[in-house]
Amino acid sequence: QASIIVYHALMLNQLRLDNRNLRSRLEQSSQGQMIGTCPPMKRLYRVIRRVSPTDLSVLVLGETGTGKELVAREVHKLSLRKDASFIAINCGAIPENLLESELFGHKRGAFTGAVTDKVGKVEAADGGTLFLDEIGEMPMNLQVKLLRVLQERVIERVGELAPRSVNIRVVAATNKDLADLIKSG
């Protein structure tokens, strides 16, 4: 019985040592929740660490399922805005007629069904980061309004004329080739 106890104690000690070594290797080959040691991933980690402390808007390109939101969350987590909110919105999943209200909010009575004032995602992200997923799906008329937000840092709720200042960082993502979309009109 004593030898079995000693054997299990040694095995437990070995497991703890292996666990510590694996955790150390994992920390060396990851950035936040992203894991990878290949050269492209290391380049991605460097870019994330370089742009995160700035206040620049960021565009993340990649195929569906490649972790674009993980990149956006890591940019937010490493930024000076990390203590403020991270608001994500999928521009392709919301119908065009509701997207403007979702982004910018609305004033009570602005349209049928607007029974209360509503804060939009842009205003909710004030002080933090707004993640616009599938930005390539955004309708052209909303792109113009979003451009104003990026340039002027002001929004207007649907049905309201008074501009509201916002202090946000925008991280957008798409799986589309935006240059090709621009060329095709």
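Which residues of the largest nonpolar core touch the most other members? They are Leu103, Val122, Leu132, Met138, Val149 and Ile168, in a core of 20 residues. The model is predicted, so local features need pLDDT of at least 70 and side-chain atom pairs count only at pLDDT 80 or more, while totals for chains, interfaces and linings use all residues. Residues are numbered from 1 along each chain as its sequence is written, and side-chain values use heavy atoms, with hydrogens and water left out.

**Nonpolar cores**
- A nonpolar core is a set of buried Ala, Val, Leu, Ile, Met, Phe, Trp, Tyr and Cys residues joined through side-chain atoms within 4.5 Å, where buried means under 20% relative accessible area with a 1.4 Å probe, protein chains only.
- Valine 122 is in contact (heavy atoms within 4.5 Å) with Leu103, Phe104, Leu130, Val149, Ile155, Val166 and Ile168, leaving aside neighbours within four places in sequence.
- A second, separate core has 13 residues, including Tyr45, Ile48, Val60 and Ala173.

**Helix 4**
- Helices are DSSP runs of H or I with at least four residues, numbered from the N terminus.
- In helix 4, Leu99, Ser101, Leu103 and Phe104 are buried.
- Glycine 105 follows helix 4 and has a positive phi, near 80°.

**Largest pocket**
- The largest pocket holds about 540 Å³ of space, a volume being the space filled by probe spheres set on grid points joined across faces, edges and corners.
- On a 1 Å grid over the protein atoms alone, a pocket is an open set of points where a 1.4 Å probe fits, with protein on both sides within 12 Å along at least five of seven lines; lining residues have an atom within 4 Å of a point.
- Helix 6 gives the most to this lining, with 5 residues.

Methods
Helices (H or I, at least four residues) and strands (E, at least two) are DSSP runs, numbered from the N terminus. Buried means under 20% relative accessible area, exposed over 50%, partly exposed in between (1.4 Å probe, protein chains only).
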